[in-house]
Amino acid sequence: MRVGPSQDEIRRQNLGALLRYVHVHGATTRAELTTALGLNRSTIGALTADLAAAGLVTEGAPKETGRAGRPSLVVRPESDRVFAYAYSIEVDRLRAARVGLGGAVLDRRELDRPRGLTAAEAAPLLAGAVKEMRQAMPEDAVCVGAGVAVCGMVRRDDGLVRLGPTTGWVDEPIGTALGTELGVDVPVTVGNVADVAAFAEHARGAAAGCDNVIYLYGDVGVGAGIIAAGRRLTGHGGYSGEVGHMVVVRDGARCECGNRGCWETEIGEHGLLRAAGRSDARGREAMLAVFDAADRGDAQAQIAVRQAGDWLGFGVANLVNIFNPEMVIFGGTMRDLYLAAAAQVRSRLNSNGLPACLEHVRLRTPKLGEDAPLVGAAELAFDRLLADPLDVN
Ligand SMILES: [Zn+2]
């Protein structure tokens, strides 16, 4: 008969909690850990010793405080040595990074991605970037896993990319392809880019401390990462958050998902460029050129930006009414659109949002900026380490 967790299970949970704390908060005194984790000083000392022996933290004197008395030792994550590989697969670019325990990007590479590139073609390009980073990293560096942010619908159980309307991917096993190419014996975890970026902003960015958050991420299409009651909302299979495919216009413009009138046909790349009379252009630079032209007084660009901003506010009002978030974050191209058309977004949100849902909602841009998908991908990998720190090493 089980009566409760064993001593060993409790110890592992406590090791995970301590390592997670310094991973998120950085260097922390033993005294602060004692208070934050609700454990006594000798337990904190023993846990720290175990993590230090495993090479996951170091312990040392704090920087000079000028205060009298014996200072409390400071526990630091081994940020330069322990790391995860992070990948971001976007419509027009591929990114790879090494992210240290503690969340700092230690090294990074970026490659242009021709539209139409398959997973089998993308994997060796990313592996090449990793080879370059390996040559530059310290000899004693330890990789604890890899995470991938990909624009597409990702099956939660195994990371299969079921559908990427803007990349043309259908049932692509990108995690397996990357694992094979890398030749490293570490798990590769795959997540949707908006979910992963939301995870990062919630862990250590603009939404730290917020329990109900919508992170709206635009590339060519638009998706949302949703944090509800402090947890990532994934849906049954992992596919929730496809807000770009909310149908908002009956018989509207054709969407890359095959439907008509999806929200992203109005606020995404194609919608903005179509409204600006630049249907032949494509890419983020082309979108930025429209915002720039609007700034300089180009009448058609101004109309396009106002329309797209109005549509952005329309959809955000619906999301705010459904999810009652305390924060909406605009990332990727949605950041650019929000900054260019904030007045339209707020005006539409204020007229369509329910007053009770609008009471505490804040609109923000990502604190981690363009790094959110990479940092979040690394968090997917670190999650396994933090669940059981001594099992991974
Ligand atoms: Zn669609």
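Visitor: What classes of residue make up the lining of the largest cavity?
Guide: The lining has 7 nonpolar, 7 polar and 3 charged residues. Ala, Val, Leu, Ile, Met, Phe, Trp, Tyr, Cys and Pro count as nonpolar, Asp, Glu, Lys and Arg as charged, and the others, Gly among them, as polar. This is a predicted model, in which local features need pLDDT of at least 70 and side-chain atom pairs pLDDT 80 or more, while totals for chains, interfaces and linings use all residues. Residues are numbered from 1 along each chain, and side-chain values use heavy atoms, without hydrogens and water.

Visitor: Which residues lie nearest its centre?
Guide: Cys151, Gly152, Gly221, Val222 and Gly223 do, out of 17 lining residues. A lining residue has an atom within 4 Å of a cavity point, and a cavity is a set of points on a 1 Å grid where a 1.4 Å probe fits but cannot get out.

Visitor: Now the metal. Which residues coordinate the zinc ion?
Guide: The donors are His245 (ND1), Cys255 (SG), Cys257 (SG) and Cys262 (SG), at 2.0 to 2.3 Å; donors are N, O and S atoms within 2.8 Å of the metal (3.2 Å for Na, K and Ca).

Visitor: Why is the arrangement tetrahedral?
Guide: Because the 4 donor atoms subtend angles of 107 to 120° around the zinc ion; four donors count as tetrahedral if all angles lie between 85 and 135 degrees.

Visitor: Is His245 buried or exposed?
Guide: His245 is buried, at 18% relative accessible area, and Cys255 is buried too, at 6%. Buried means under 20%, exposed over 50%, and partly exposed in between (1.4 Å probe, protein chains only).

Conventions:
1 Å grid on protein atoms, 1.4 Å probe; cavity = no way out; pocket = protein on both sides within 12 Å on 5 of 7 lines; lining within 4 Å. Tetrahedral: all angles 85-135°; square planar, octahedral: opposite > 155°, others 65-115°.
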